[in-house]
Amino acid sequence: MRKLLAIAALVLASGCYKDDLEGLDYNPFDPEYTGPVMFTLEEDFITLLQNPNGTQNRRLTQRVRVHTEHFLGLTTYVVEAVPQNGGATVEVPGNEVQNGLFDLNTDNTESGTTYCWEVRLTNHGGAGARNSVCSTTD
Amino acid sequence: MPDRGTMNSERCTWWSGLCKRSAMARHWSALVLGCTAMLATTAVVAQQTGTIRLIVDPGHNFQFVVDKKHRMEQREVTLTEGLHTLSIWAPERQVVDTPVFVVAGRTSDLIVRLPYSPAFLEYKRELGRFEARRTTVRAIPVVVTACGAIWTGGALGRYVKAHKQLEDDRTIYERSVEPLSIMDLKETTIPGHKKQFRQARTGFYVASGFTVLSAAATYYVFRRTGKWEKPVFNDPEKVRFEGLTWVPSPQGGYWATAITIPLAR
């Protein structure tokens with residue numbers, strides 16, 4: 001009798017199985033990641049430099065924090081940053097990210113202009129979580 | 001020489017005064033002598049008995065009637081010397097009538113095997129047919145239910161496996177650090193596994209529903225067949241054996257009889 005009850009309980013319990021694989025979007029390496037933002041602007045500042053042709057270069061440096069705490073496990077990674085105002089894509093390997101911070105530089109910025117980067121997590125050719133990091137120069 | 005009667009008549013002549021009373025006394029004396037002789041004869045006859053030891057198959061519940069009069073249930077019987085008739089019977093068996101000659105002072109074995117009565121054999125055949133029919137009717141839903149249970153077990157196994165596959169997909173998703181393989185997992189692998197899971201779940205529901213229905217049918221069939229009237233054995237040999245007979249017992253014995261009332265439906 002107990003065995004029958006156990007089988008019935010098992011059947012009832014298993015009858016509650018659902019294909020609850022909805023909501024698979026919390027892995028930062030997932031291109032459809034919708035979790036907390038992975039990259040935030042820690043600080044930004046302007047550095048005045050001299051161009052080779054003698055003109056002044058207002059370099060905007062955006063210090064970005066990588067929120068590795070959102071990773072589901074320890075892993076290697078590469079950060080890829082694409083400037084929204086035109087320019088070359090920058091790749092930062094994870095081992096070059098010191099204390100979770102790395103810098104993005106934009107040369108020859110103009111005052112009162114907003115400069116954005118789309119920063120995304122990459123690994124083996126694909127891109128995962130991404131978000132924009134913007135700063136407006138004084 | 002004169003006989004006694006003659007002598008008595010002579011005495012009557014001598015003692016004529018007492019003759020009438022003496023004649024009365026002689027009659028009583030003759031009666032007493034006669035009775036005494038009869039009793040003595042009976043005593044001699046009663047002592048001339050022998051014992052019959054009954055060795056009967058079946059040995060545990062047989063009964064017998066001696067000389068169509070006295071019903072007994074014992075393994076030995078002491079009878080007067082001479083020819084007797086024993087009618088031996090046991091439940092389900094035929095009555096066997098056998099003559100027995102009892103030899104005075106001796107114990108003789110009477111070995112009898114009581115054959116099964118034709119009515120009992122017919123009853124057994126009828127009971128066998130009844131049991132076979134009921135077993136067949138009951139076996140069908142039992143087999144169907146057993147097949148249903150096996151089917152349900154298999155379907156449950158596939159269902160659990162399919163669910164585990166989805167759980168494994170989740171684990172793979174969480175451990176994966178390659179965006180391309182994650183996309184492949186989400187766009188190809190998981191939908192395929194979800195389809196398998198839904199199919200397994202449907203199969204399990206169908207199988208378990210079938211099993212529950214067949215179990216209910218089995219229960220119903222068992223209830224129905226449980227009400228079937230089982231053949232009853234009315235032992236005609238018992239009725240024949242238990243004709244009016246005297247059954248001795250320590251309390252003094254009693255008359256036993258039996259009647260048969262055929263109750264037609």
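Guide: Helices (H or I, at least four residues) and strands (E, at least two) are taken here as DSSP runs, numbered from the N terminus. On that basis chain A has 1 helix and 7 strands, and from the N terminus on its elements run α-β-β-β-β-β-β-β. The model is predicted: local features need pLDDT of at least 70, side-chain atom pairs count only at pLDDT 80 or more, and totals for chains, interfaces and linings use all residues. Residues are numbered from 1 along each chain as its sequence is written, while chains are lettered from A and ligands numbered from 1 in the order in which they are written.

The strands come next. Two strands pair if DSSP finds at least two bridges between them. An open sheet of 3 strands in chain A has the order β1-β2-β5, with antiparallel pairing. Its edge strands are β1 (39-50) and β5 (101-106) of chain A, each of which pairs on one side only. Neighbouring strands of this sheet are turned by 25° against each other on average, direction ignored; the axes behind this angle are lines fitted to C-alpha atoms, for helices over the stretch in contact, and angles run from 0 to 180 degrees between N-to-C directions. Strand β2 of chain A, residues 56-66, is joined to β5(A) by 6 bridges, and the two run antiparallel. A:Thr61 stands opposite A:Asn105, which lies in β5(A).

Two residues are in contact if their C-beta atoms, placed from the backbone, lie within 7 Å. Among contacts in chain A between residues at least 6 apart in sequence, 55% join residues at least 24 apart.

That leaves the side facing chain B. Here 19 residues of chain A are in contact with 24 residues of chain B. The elements of chain A that give two or more residues to this side are α1 (2-15) and β7 (126-136), and β7(A) gives the most, with 3 residues. By class, the side of chain A that touches chain B has 8 nonpolar, 9 polar and 2 charged residues. Ala, Val, Leu, Ile, Met, Phe, Trp, Tyr, Cys and Pro count as nonpolar, Asp, Glu, Lys and Arg as charged, and the others, Gly among them, as polar.
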